[in-house]
Amino acid sequence: MVGNILKIKTSVPPQGANILPRPCILESLDHGLWAVEGFTYPLTLVSAPAGFGKTTLIRSWLTGREDRAAWYALDEADNKEDRFWLYLISSLQTLKADLGEGPMEMLRSNAFSPEAEEIESFLVTLLNELFTLDKPYILVLDDYHLIENVRIHKNMAFFIENLPPTLHLAITTRSDPPWPLSRWRAKRKMAELRLDQLRFNEEETGRLLTETKGLALSEAQLNTLHEKTEGWIAGLQLAAYSLTSNNNKDRFIHEFAGNQRNVFNFLSEEVFTRQPEAVRDFLMQTSILNRFSAPLCDAITGSNVSAEVLSALEAANLFVIPLDNQGIWYRYHHLFSDLLRHQLSSRQPEMITELHNKAGKWFFEANELSEAVYHFLTVKNLDKVAEILHANSKEIVESEGPNLIVRCLDSFPEEILQKYPLLAVYKALYHLMRKGREEVGALLALAEENADEKLKNHREYSSIVALVKAYHNLFSHKIPQALEYAQEALRLLPADNYFLRINIAIISGDTQLFLGDPKSAYPFYLEAHQTSSKMNRYYYTSSTSFKLAVCLHNMGRLTEAEELIHATLKTAKEKDFLWAPQIGGLWALLGELMRERGSLGEAERCLERGLAVGKVHKPMLGWNNLYKIALLFSQQKFDDALICIREIETINRETNLPYIIMLAATTWQARILVVLEEWEKARELFSCAQINEDNIVQIVQGKGVLTYTRILMKENKDDKARKLLNRAAELALNGQDQKTHIELLLLKACLEEKAGNSAAAEQCLCTALETGFECGYFQVFLDEGKDTAPVFYRLLDQKDNSTEIALSGELLQYARRVYQAISPDAGQESFKEEPLKLASSLIPGLVEELSTRELEILDLINRGLSNQEISEKLFLSVGTVKWHTSNIYGKLGVKGRTQAIAMARKLNMLPS
């Protein structure tokens with residue numbers, strides 16, 4: 001958040017001159033508030049009508065504590081939730097620069113919609129981070145009555161009720177917010193100052209008029225003024241202003257109407273109309289500004305004397321309030337500002353549009369784009385708003401997040417979008433990301449129809465069109481078309497457009513993953529993750545970590561997936577970002593990895609946490625529920641799994657989940673029906689989804705093919721089942737989809753066993769075991785059930801040499817552990833025991849064969865890369881690289897890099 005106008009909103013204002021000290025009321029603000037560890041209650045509410053010195057009092061209270069205070073000056077534009085919280089966090093960052101980094105990233109991300117349930121996770125994340133404050137701080141929200149958004153009120157109530165004891169909130173307002181004040185009052189969670197405490201008493205009235213204002217008034221005159229104003233500070237100041245130039249003080253005091261019902265007329269007659277015409281014009285014209293400086297005033301009034309006018313107004317105490325110590329930025333007293341705007345609308349209404357346009361132009365030239373957009377939107381100058389967005393969308397997204405742009409796009413009529421086709425494409429993109437795909441086709445057609453040749457040849461325009469088409473096809477499950485457009489977008493998009501490059505890379509990865517090709521998806525996900533890491537945007541990084549970890553999981557690289565998840569969770573904890581929905585996805589995926597390893601209890605704990613954290617983001621909730629179905633299936637809780645599938649269907653009806661989630665849910669339902677011996681219903685389910693033997697490999701990857709094969713086997717269509725398995729196995733091998741490959745091998749083993757092909761069945765099971773052992777899989781064998789038990793038994797019962805395949809060492813122990821879990825009642829004592837041998841001593845002279853990851857690291861060591869460089873290239877922690885390196889040294893029987901390279905070359909593991 002840069003720019004003077006933005007800093008002014010979040011800066012503690014200077015202490016005004018000639019402020020009457022009020023020690024008693026300041027002492028009451030402190031009474032009972034402070035404790036050893038911070039504050040005894042979270043809220044001080046200063047609520048009274050205009051002109052009772054609320055802001056001045058709170059500012060005086062902060063004197064000497066400015067380094068422990070944050071300030072947020074509210075205006076009407078802050079009724080937008082994302083803007084409200086952006087400024088609130090920006091004010092907190094004046095206390096500690098990195099405070100709220102994670103929540104700020106959530107606000108700026110495209111995935112965050114303040115009108116949706118994401119706000120809950122955002123608030124929890126922000127509050128958790130505030131609990132890291134080690135000193136007591138005060139946050140002031142000045143003029144909270146300007147907030148009318150009911151969602152902001154609701155979320156602020158939650159915020160206040162959960163504040164840490166080290167942060168105290170002080171609110172100034174003309175009217176009580178719709179919070180549970182009675183309950184807070186009863187529970188002593190708040191202190192409050194109201195009109196009776198704020199109004200001046202007789203002694204303060206006398207001091208103000210005689211000492212501060214320098215008026216020579218009798219005691220009777222002072223008493224009369226106090227009685228007429230009822231201690232109303234603004235009324236007394238108005239009276240003092242007029243008395244300084246009035247020769248008949250008795251008559252003035254007698255006629256003065258100091259109550260608020262008459263102050264508007266008084267201000268008009270006694271203050272505004274007594275100014276020179278040039279000053280009156282200046283006051284009216286500048287009243288449209290929430291804050292102003294001399295250059296800004298010059299720009300909208302067309303004069304060059306604004307600095308002198310402002311100085312004179314400040315000297316005359318004419319309700320001009322300085323906002324900094326340098327005398328650069330000011331605002332009007334709100335009561336006075338109300339009068340000036342009324343006068344402007346009454347006397348010069350035709351100027352209002354021109355003034356806002358001039359203000360917008362000045363802010364635009366000062367690179368305060370959001371303020372410029374605000375003024376142009378106020379007078380519905382949508383052409384100018386569109387012009388700004390067309391040229392500066394990237395800058396606005398990076399500084400403000402996408403919500404301001406989305407609001408503008410939603411306000412544009414069709415003729416604006418026809419004039420600016422690029423904005424039509426942006427609107428299509430944001431609709432896809434947030435609202436579904438209903439309007440996308442029409443928006444794309446409008447853009448392409450109105451784009452001229454110059455725009456069509458513009459790389460940014462072409463890349464965003466391609467991105468929208470990629471998204472659109474992905475949502476419609478037209479995977480090859482989505483991939484084609486995504487690759488085109490990635491080729492065209494400028495390298496520094498990180499936000500869009502991340503999205504395009506993720507789509508490219510998704511298309512490959514959905515085609516059952518994690519090997520091809522991996523480079524795209526890795527690029528997205530590395531790009532987000534360059535941006536230091538933790539919200540995006542948690543999303544790309546999830547995608548990359550899912551890909552690693554599918555490739556059978558379970559350990560790397562776990563390492564990545566743990567590293568991301570560690571960063572999220574350090575940055576107080578643990579409640580982002582994507583973090584919920586990572587917890588759920590970690591649970592899935594634990595399930596794959598056979599640790600169902602740990603899987604359930606991780607999954608429960610993931611579901612709780614990710615529940616506010618519906619697509620993530622749908623995805624996490626797929627992991628829950630998998631766990632329930634492994635626990636053989638089939639009825640609960642079917643209930644979970646119905647929950648996904650309910651979410652889909654509410655938010656239109658991506659097709660891939662619904663397809664996976666359908667596949668799981670069919671798989672459960674097969675287990676329950678209801679394969680006819682399973683086939684009917686696939687038939688309703690228009691899935692058959694001819695298109696299943698293209699439409700339904702992985703588990704879908706496996707489930708369909710099981711249906712064919714139940715129907716004794718073994719030849720069709722074998723052909724389908726062979727086609728799917730080829731794709732799985734080419735795409736390095738190890739999990740699917742193992743399941744295919746197990747199913748093929750069952751099919752061969754059914755056909756009496758014992759040797760082929762044993763070979764399939766042995767290959768599955770080798771892959772499962774290398775990757776770390778366990779539960780996949782158990783989920784297949786007892787159908788593989790006879791093949792297992794022959795592999796393990798080697799006394800009669802009934803099989804030509806000999807398992808040994810760790811692989812044999814691994815197979816026995818799996819078989820024991822599949823058939824816990826099977827006797828193991830008859831199996832011939834062998835001493836443990838290393839399963840991979842295939843290279844003469846090698847103590848133990850290196851894993852795939854270790855070979856990869858050895859190759860990078862040979863190329864001269866340092867541990868840090870290896871960690872960056874492979875996206876591993878330096879500690880993990882050191883651990884792998886130590887294993888390499890142990891297996892090669894060496895003590896360092898040089899010896900390792902020499903030994904590896906000697907064993908022909910590296911080129912000489």
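How many residues does helix α35 have, and how far does it reach from its first C-alpha to its last? Keep that in mind as you open the viewer, and remember that this is a predicted model.

**Stop one: helix α35.** Select residues 618-634. You've got 17 residues here, reaching 25 Å from the first C-alpha to the last. That is close to the 24 Å expected at 1.5 Å a residue. Now show the surface: α35 is mostly covered, with 14 of its 17 residues buried. Then step just past the end of α35 and click Q636, which takes a positive phi of about 60 degrees.

**Stop two: D517.** Next, go to the loop between α29 (498-514) and α30 (518-535), where you'll find D517. Is D517 buried or exposed? It's buried, yet D517 has no salt bridge. What does the side chain of D517 make a polar contact with? Select S520: its side chain and that of D517 are paired at 2.6 Å.

**Stop three: A35.** Finally, jump to strand β1 (residues 34-35) and pick A35. A35 counts as partly exposed because its relative accessibility is 27%, which falls between the 20% and 50% cut-offs. A35 and T166 are 131 residues apart along the chain, and their C-alpha atoms are separated by 9.6 Å.

Notes: Residues are numbered from 1 along each chain as its sequence is written. This is a predicted model: local features need pLDDT of at least 70, side-chain atom pairs count only at pLDDT 80 or more; totals for chains, interfaces and linings use all residues. Side-chain values use heavy atoms; hydrogens and water are left out. Helices (H or I, at least four residues) and strands (E, at least two) are DSSP runs, numbered from the N terminus. Buried means under 20% relative accessible area, exposed over 50%, partly exposed in between (1.4 Å probe, protein chains only). Lys and Arg count as positive and Asp and Glu as negative; His and the chain ends are not counted. A salt bridge is a side-chain nitrogen of Lys or Arg within 4 Å of a carboxyl oxygen of Asp or Glu. A polar contact is a pair of N or O atoms within 3.5 Å; within protein, one must be able to donate a hydrogen and the other to accept it, and residues adjacent in sequence count only if both atoms are side-chain atoms. The expected span of a helix is 1.5 Å times one less than its number of residues.
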